[in-house]
Amino acid sequence: MRQFDAFLLPRFTLGGYNSANLIRQRISNPMKTIFEVNNLELTLERFPCSNDENLQAWDSADQYLLEYIEQLKLEPANVLIINDTFGALVCGLNQHNIIAQSDSFIAKQAYQYNLEANHLTPSFKHISDLSQVDVNIDLVVFKLPKSNSMLIEQLRQLSNIVSPTTQVIAAAKAKDIHSSTLKLFDKHLGSTTTSLAKKKSRLIFCQPGNKHTGRNLAPDLHTWSTSSPALTISNLPGVFANSSLDLGAQLMLENIPSNIGDSTVIDLGCGNGVLGLAVAKNNPQAQVTFTDESYMAVESSRLNVSNNISDPQRCNFLWNDCLTDIEFDSADWIICNPPFHQLQTITDHIAWQMFNDAYRVLNKGGKIRIVGNRHLGYHIKLQRIFDNCITVASNGKFVILESTRL
Ligand SMILES: C[S@@+](CC[C@H](N)C(=O)[O-])C[C@H]1O[C@@H](n2cnc3c(N)ncnc32)[C@H](O)[C@@H]1O
C-alpha cells in the first residue's frame, strides 16, 4: 500500500508560492526563523522546508551586509540586490526601492513569502536577468554566486548598469573570496578592496569606473557534444554540467525511453536539457516539456532545442519549483536526474518533492525514469510513493530506476 505522510500532502498554490512546502514546514520546524539585525526582528523561512535545525534562511554575510549598509544612513535609494538566497536582504532593506535579481525560482518564491510574512510592502520588483534593470541604481548589494562563470557573467552585466556614482558592496564567506575574485571585480567594474572578516564572512567594496561593455553583449557559452544521440549542448553560465556531460546523465542517455509515440514527456530538473533532447531526438512525435528552477537552465534548454531539433514547436519550457504549476494527470513520461544538494547543503528533500510531484502529474500508466548515485537509495522513495520500482540499468556508480503510476 502507498503510505501517505507529510511529503504526500496535496499540492495547491497560495499567492504563487508552494503552500505544500509551507504546510510541511508548519508541521515540525525546528529551524531558527527569527533574524535580529539593526533594529529589525524578521521572521524568515527557508524554501523548501527542512527539518534540519542547523539550517536557516540567512547567513553571516547577509548580517554583515545589512549592518554595514545601516551605518551608511542612506536616504531611500534604488537598490539592486543580486543572488539573495531567501529574502534576508530584500526584507532587511525594505525602506528602499528594491530590484532583486535571482536565477532561482525558489528564491523568488521565498522573497514574496518572507515579505508578506513580515508585513513589508516595499517598492519591490523581481527580475530573472540583469538585462531587465531599467532604472539608475544607487547601491548594488551582491551575494557572490556559487559558480565562477555566473560571477563573471553578473559582473559583465553589472558593468552596463553601474556608473561612477553607484556603490557596489558584495559579500560571501571569507573562504570563498580569493585574490582572483577581487581581480574579476577590478577588471569588470573598477577599483576593489575588502573588509576584515566577521563571523567568517567578508565584504567587497568596489568603486565602478566607466567600463561599459555594451548592453547586447552575449553571455559566454560552454559547448560540448554527445555522440548517441548526436547533440551539441551549450550551457549558459552557472548551469549544471557546464563543461561536460554528467556521468549519471551519460547512463541515462544509454537508456532513454524509445517507441513512445506522441507521449507527453517532462524533463524534470532539465539543466541544459540534454535528457529531454535525447527523448525528442529518439521519439520524433513526442511532446517534451523542459522545466527547472534555474532560469539559466531553462534558457539553455530553449537554446539547445532550437539548435538540435528541427520542429521545436513540440517543446515547451517552464521556470518552476519541481512540478508545482503542472496539472494533475497530464504527462505520460517523466525523466529526471535529481539534484542532491541545495546551495551548499546536501539534501534529499528536492528528490522527494520531485517524486511526489511526479506521482501527481503522471497519467495512470505513466512512468518516471530516474538516474541516481547507487548509494542515494532512491528506490526506497520510489517504492514508497508508487508502490513499484524496477531497475532498468546500472553501472558501478549509478542506477536507472523506473516506477509506474498504477
Ligand atoms: C543533477 S542536475 C541535472 C541536470 C540535467 N537534467 C542533466 O542530467 O544534466 C539537477 C537539476 O535540477 C535543478 N533543480 C534543483 N532544484 C530544483 C527544483 N526545486 N525544481 C526544479 N529543478 C530543480 C537544478 O537546477 C539542476 O539543473
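Q: Where is His119 found?
A: His119 sits in the loop between helix H4 (105–117) and strand S7 (124–127). Helices (H or I, at least four residues) and strands (E, at least two) are DSSP runs, numbered from the N terminus. This is a predicted model, where local features need pLDDT of at least 70, side-chain atom pairs count only at pLDDT 80 or more, and totals for chains, interfaces and linings use all residues. Residues are numbered from 1 along each chain as its sequence is written, and side-chain values use heavy atoms, with hydrogens and water left out.

Q: What is the phi of His119?
A: Phi of His119 is near 55 degrees, a positive value in a residue other than glycine. Most residues other than glycine have a negative phi.

Q: Is His119 buried or exposed?
A: His119 is exposed, with a relative accessible area of 72%. Buried means under 20% relative accessible area, exposed over 50%, and partly exposed in between (1.4 Å probe, protein chains only).

Q: And what about Lys200, where does it lie?
A: Lys200 lies in the loop between strand S10 (190–194) and strand S11 (201–208). Lys200 is not a glycine, yet its phi is positive, about 70 degrees. Lys200 is exposed at a relative accessible area of 68%.

Q: Which peptide bond is cis?
A: The one from Ser228 to Pro229 is cis, with omega near 0 degrees. Pro229 is in the loop between strand S12 (222–226) and strand S13 (231–235).

Q: Changing topic: how many cavities of 30 Å³ or more?
A: The count is 2 cavities of 30 Å³ or more. A cavity is a set of points, on a 1 Å grid over the protein atoms alone, where a 1.4 Å probe fits but cannot get out; lining residues have an atom within 4 Å of a point. Grid points are joined across faces, edges and corners, and a volume is the space filled by probe spheres set on the points.

Q: How much space lies in the largest cavity, then?
A: About 90 Å³. Helix H5 (148–158) and helix H9 (295–308) are the elements that give two or more residues to its lining. H5 has the largest share, 4 residues.

Q: Which residues line the largest cavity?
A: Among them are Asp103, Asp129, Met150, Glu153 and Tyr295.

Q: How many disulfides in the whole structure?
A: The search finds 0 disulfides, a disulfide being a pair of cysteine sulfur atoms within 2.5 Å. For Cys322, the nearest cysteine sulfur is that of Cys336, 8.2 Å away.

Q: Is Cys322 buried or exposed?
A: Cys322 counts as buried, at 6% relative accessibility. Cys389 counts as partly exposed, at 22%.

How values were computed. On a 1 Å grid over the protein atoms alone, a cavity is a set of points where a 1.4 Å probe fits but cannot get out, and a pocket is an open set with protein on both sides within 12 Å along at least five of seven lines; lining residues have an atom within 4 Å of a point.
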